[in-house]
Amino acid sequence: MGAPSTLGSTLGRRCALRLETSALRDIAEQRYGDFVEALREMVNVDCGSYTPEGVNAIADLCRDRFERGGWAVERMRHEPTGEQERLGDLVIGRIEGGGRARILMIGHTDTVFDPGTVAERPFRIEGDRAFGPGVTDMKGGLLTGFFAVEVLQAAGFDGFGTITYICNPDEEIGSPWSRDTILAESGRAEAALVLEGARENGDIVSSRKGVLDVRLEIQGRAAHAGVEPERGRSAILEAAHKTVALQALNGRWPGVTVNVGVVHGGTRPNVVAERCVLEVDVRSPEEATFEEAGAAVAAIANQHTVPDVGVTTISNGWHRPMEKREGGARLAALAIDVAGELGFELRDAATGGASDANTTSGAGVPSLDGLGPIGGDDHGPKEWLDLSSVVPRISLLAGLLSRLEGI
């Protein structure tokens, strides 16, 4: 669980060191050109999760910004075991202010794009939009974390307490390596701010569904389909029964979805299929129904219609639900207040996608996500970032950090 929180009393305070949001916005506007050039540099690096040399190039840029800003820097190298693929380095920056609140920020340095994507469609600007691989998911948000703290420093403000900023290399594959570090830092934090991009309509994110990825490997018995089919045990037939049963779980619990997204098996049409694999996505907005849905999937995996088949169940990764509890709701309310002072309307929303905020929230830390600039079409060739939202979102994050002062 997270450290004992002073967040409730913190958010209600108005200390003498409080900054005017207009001053923060003025400084952010002065830094806008620097932001765009830093964004261009990051976007023009191929850094898919399994391209460690590219991810490490982004890690280098993060380390350099930390060092220029006076942060203490720790860099961790991934050491794969067994058949694991090497991942990029994890970079952590820590900076001490004069306050008491312990704040965790998280941004990720990987994208979903393969090597060669930048050559096909490098960073470009059309009107108020920037385009390129990872421009909004999440190089724009990653930079927002740095620039927000730099804005506070330029304003001479150090009442933010301790800020720990994790730049992790594997979020797009579920943070399998960095999760332990995120959990460890969550245990020392009173609030977690995750810098994924805002929704297309500008909403920040106060809750996310939990995600469970399940792989069912069904083992049957091969036989000649024309000569002696009775000797076979069709893994595909068993998979079909399980698919129908899994899909029937939809609607059992509010907001819970179960999707058999991948099915592959068999070898030839004249062979009773010896093997079939199902890949299943399970999502739930609440912890209780997340557990119930997971148990129901396990029960279906273990109950067979075709005799003599075997099933191996593999959980490839999961995120606990990010529920909107009291602490997260207070963070969202504070962000909405700061946005109002900056002159724009802000709302918080729930979404079905998962992020590292699921991990921090699941660890008991009040969490808020979607604090990066506005963007859309994530993971696709038309991914974009709204450049007109950059200054407001840097100012919003800086203002939020400035209000989390300790007692």
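**View 1. Methionine 138 lies in helix 6.** Helices (H or I, at least four residues) and strands (E, at least two) are DSSP runs, numbered from the N terminus. The peptide bond that leads from aspartate 137 to methionine 138 is cis, and its omega is near -5 degrees. Most peptide bonds are trans. The model is predicted, and residues are numbered from 1 along each chain as its sequence is written. Local features need pLDDT of at least 70 and side-chain atom pairs pLDDT 80 or more, totals for chains, interfaces and linings use all residues, and side-chain values use heavy atoms, without hydrogens and water.

**View 2. Helix 6 (residues 135–154) packs with helix 3 (residues 32–43).** Two packed helices are described by the angle between their axes and the distance between the axes. Here the angle is about 135 degrees and the axes are 10 Å apart. Axes are lines fitted to C-alpha atoms, for helices over the stretch in contact, and angles run from 0 to 180 degrees between N-to-C directions. Helix 3 and helix 6 are therefore oblique to each other; under 35 degrees counts as roughly parallel, over 145 as roughly antiparallel, 65 to 115 as roughly perpendicular and the rest as oblique. The crossing of the two helices is right-handed, meaning that the near helix is turned clockwise from the far one by less than a right angle. Helix 3 makes the contact through Asp34, Phe35, Ala38, Leu39, Met42 and Val43, and helix 6 through Val135, Lys139, Gly140, Leu142, Leu143, Thr144 and Phe147. Contact means heavy atoms within 4.5 Å. Sorted by class, the contact of helix 3 with helix 6 has nine nonpolar, two polar and two charged residues. Ala, Val, Leu, Ile, Met, Phe, Trp, Tyr, Cys and Pro count as nonpolar, Asp, Glu, Lys and Arg as charged, and the others, Gly among them, as polar.

**View 3. Helix 10 (residues 326–342) packs with helix 12 (residues 390–402).** Their axes are 9 Å apart and meet at an angle of about 125 degrees, which makes helix 10 oblique to helix 12. This crossing, too, is right-handed. From helix 10 the contact takes in Leu331, Leu334, Ala335, Val338, Ala339 and Leu342; from helix 12 it takes in Pro392, Ser395, Leu396, Gly399 and Leu400. In the contact of helix 10 with helix 12, nine residues are nonpolar, two are polar and none is charged.

View 4. Two strands pair if DSSP finds at least two bridges between them.

**View 5. Strand 6 (residues 162–168) runs antiparallel to strand 2 (residues 90–96) and parallel to strand 3 (residues 102–108).** Six bridges join strand 2 to strand 6. Isoleucine 95 has isoleucine 163 of strand 6 as its bridge partner, and isoleucine 92 stands opposite isoleucine 166. Seven bridges join strand 3 to strand 6; methionine 105 stands opposite tyrosine 165 of strand 6. Six of the seven residues of strand 6 are buried, leaving the strand mostly covered. Buried means under 20% relative accessible area, exposed over 50% and partly exposed in between (1.4 Å probe, protein chains only).

**View 6. Strand 9 (residues 204–208) pairs with strand 14 (residues 348–351) in the parallel sense.** Four bridges hold the pairing. Valine 205 stands opposite alanine 349 in strand 14. Five of the five residues of strand 9 are buried, so this strand is largely enclosed by the rest of the structure.

**View 7. Lysine 242 is in helix 8 (residues 235–247).** Its relative accessibility is 2%, so lysine 242 counts as buried. Apart from neighbours within four places in sequence, lysine 242 is in contact with Leu216, Ile218, Leu278, Ile300, Ala301, Gln303, His304 and Val311. Asparagine 302 is 60 residues away along the chain, and 9.8 Å separates its C-alpha atom from that of lysine 242.

**View 8. Aspartate 308 and histidine 379 have a positive phi.** Most residues other than glycine have a negative phi. For aspartate 308 the value is about 70 degrees, and this residue is found in the loop between helix 9 (287–302) and strand 13 (310–319). Aspartate 308 is exposed, at a relative accessible area of 54%. Histidine 379 has a phi of about 70 degrees and is found in the loop between strand 16 (372–376) and strand 17 (384–386). With 42% relative accessibility, histidine 379 counts as partly exposed.
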